[in-house]
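Good morning, everyone, and thank you for making the time. Please have a look at the sequence and the structure on the screen, and then I will walk you through a few places in it.

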Amino acid sequence: MTHRFFAALLAALCLMLAAAPALAENTQVKHYLLLGEDGYAEDITEDARTDTIVLVSLDAKYNRVIMTSVLRDSQINNPRGNATKINLLYKYYGFEGITACLERELGIEIEGSVLVNFEHVKPVIDALGGVDIEIDESEYLAIRKILLGQDPNMPEGPGLVHMTGRIALAYMRTRATGEGGDFSRTQRQRKVVSQLFDKCRSLSLPELVSIYNQISPGLKMDLSAMDILGVISSGYGLIAGDADFVEFRIPQDGTYSYTTVNGSSALNVRWKTNMTLFHELLDSAPGEEETAAAS
């Protein structure tokens with residue numbers, strides 16, 4: 001009798017799971033890869049590591065822009081199938097290599113990639129009026145160290161700070177802020193980008209094109225001029241439509257462990273789990289992400 005009861009219970013659970021509606025795939029989202037060099041050179045350096053790796057997803061279905069930071073120390077298999085750190089993929093395999101690896105691990109198609117020299121981003125931040133960020137003691141000291149205390153707009157201490165482009169760039173670059181390492185660094189990057197995104201809401205399409213023209217000398221990309229105009233137009237449509245700005249990170253908490261790759265510390269990322277969580281975000285309407293992740 002007991003065996004029949006548990007068999008019936010198991011059958012009922014299977015039926016319930018089979019009947020549960022699966023999340024419909026969101027086919028109205030386009031992904032673009034944004035890479036940032038780790039150096040301080042004025043121009044693009046071909047052999048530099050890409051210590052900033054961001055997947056920008058323009059989601060027309062749910063009217064949002066999703067910014068996904070991929071931590072630079074994430075372990076990933078290169079195009080030859082060998083383990084490496086993700087920030088080395090562009091250096092050795094170019095746009096094609098890093099794009100193919102991320103498409104494989106995340107189950108997406110990337111429309112195009114852009115390599116940014118962040119020295120060219122500073123005037124854009126200034127043109128948008130700077131950003132206002134709350135910083136702690138360790139962040140304040142790190143900014144002073146990077147800039148050698150030589151800046152007329154240097155913060156006077158921790159607290160709410162108005163940042164020019166030069167100070168914001170130092171804030172985004174530092175990893176030496178106590179706990180957190182690259183986790184904290186990518187979080188700082190998302191804070192700055194979030195504010196810049198909000199500032200762009202009041203701009204016209206010609207003004208957005210003007211901003212692109214300011215930074216274009218510091219860009220390398222595999223997109224055509226028509227592709228770029230299409231991306232700017234799509235982005236403007238979302239911004240003008242009061243789109244939400246959504247942040248995501250790979251790896252998510254609890255989906256990685258620490259390891260070494262070629263003698264260097266790295267994150268052993270469970271890519272399949274992160275792919276699942278990423279697609280749950282993509283396929284869920286705003287407000288439903290937590291429900292999807294828990295189901």
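What follows is a short tour of charges, cysteines and some details of the backbone.

Before we start, please keep in mind that this is a predicted model.

Let me begin with the surface, where E109, E111, D222 and D227 form a negative patch. One of these residues, D227, lies in helix α8, which covers residues 225-240, and with a relative accessible area of 38% D227 is partly exposed, because that value falls between the cut-offs of 20% and 50%.

Now to the cysteines, and here I would like to ask how many disulfides the structure holds. The number is 0, and for those new to the term, a disulfide is a covalent bond between the sulfur atoms of two cysteines. Are C101 and C200 buried or exposed? C101 counts as buried, at 1% relative accessibility, and C200 is buried as well, with a relative accessible area of 12%.

Let me turn to the backbone, with a word of background first. Most residues other than glycine have a negative phi, and most peptide bonds are trans. With that in mind, please look at the peptide bond from I250 to P251, which is cis, with omega near 5°. P251 itself sits in the loop between strand β10, residues 244-250, and strand β11, residues 256-261.

L148 is found in the loop that runs between α4, residues 137-146, and β8, residues 159-163, and with a relative accessible area of 66% L148 is exposed. D242, which is also a residue other than glycine, has a positive phi near 60°. D242 lies in the loop between α8 and β10, and it counts as exposed, at 55% relative accessibility, because the cut-off for that word is over 50%.

Finally, let us consider E37, which is found in strand β1, residues 29-37. Is E37 buried or exposed? E37 is buried, with a relative accessible area of 6%, and we use that word because the value is under 20%. E37 and D51 are 14 residues apart along the chain, and their C-alpha atoms are separated by 6.0 Å.

That is the end of my tour, and I am happy to go back to any of these places.

Methods:
Residues numbered from 1 in each chain as written. Predicted model: local features only at pLDDT ≥ 70, side-chain atom pairs only at ≥ 80, totals over all residues. Heavy atoms only, no water. Patch = residues over 30% accessible without salt bridge, like charges linked within 9 Å, V, L, I, M, F, W, Y side chains within 5 Å. Areas by Shrake-Rupley, 256 points an atom, 1.4 Å probe, with all protein chains shown as cover. Salt bridge = Lys/Arg side-chain N within 4 Å of Asp/Glu carboxyl O. Lys, Arg positive; Asp, Glu negative; His and termini not counted. Charge placed at Lys NZ, Arg CZ, Asp CG, Glu CD. Helix = DSSP H or I, 4+ residues; strand = E, 2+ residues; numbered from the N terminus. Buried < 20%, exposed > 50% of the residue type's maximum accessible area, 1.4 Å probe, protein only. Disulfide = S-S within 2.5 Å.
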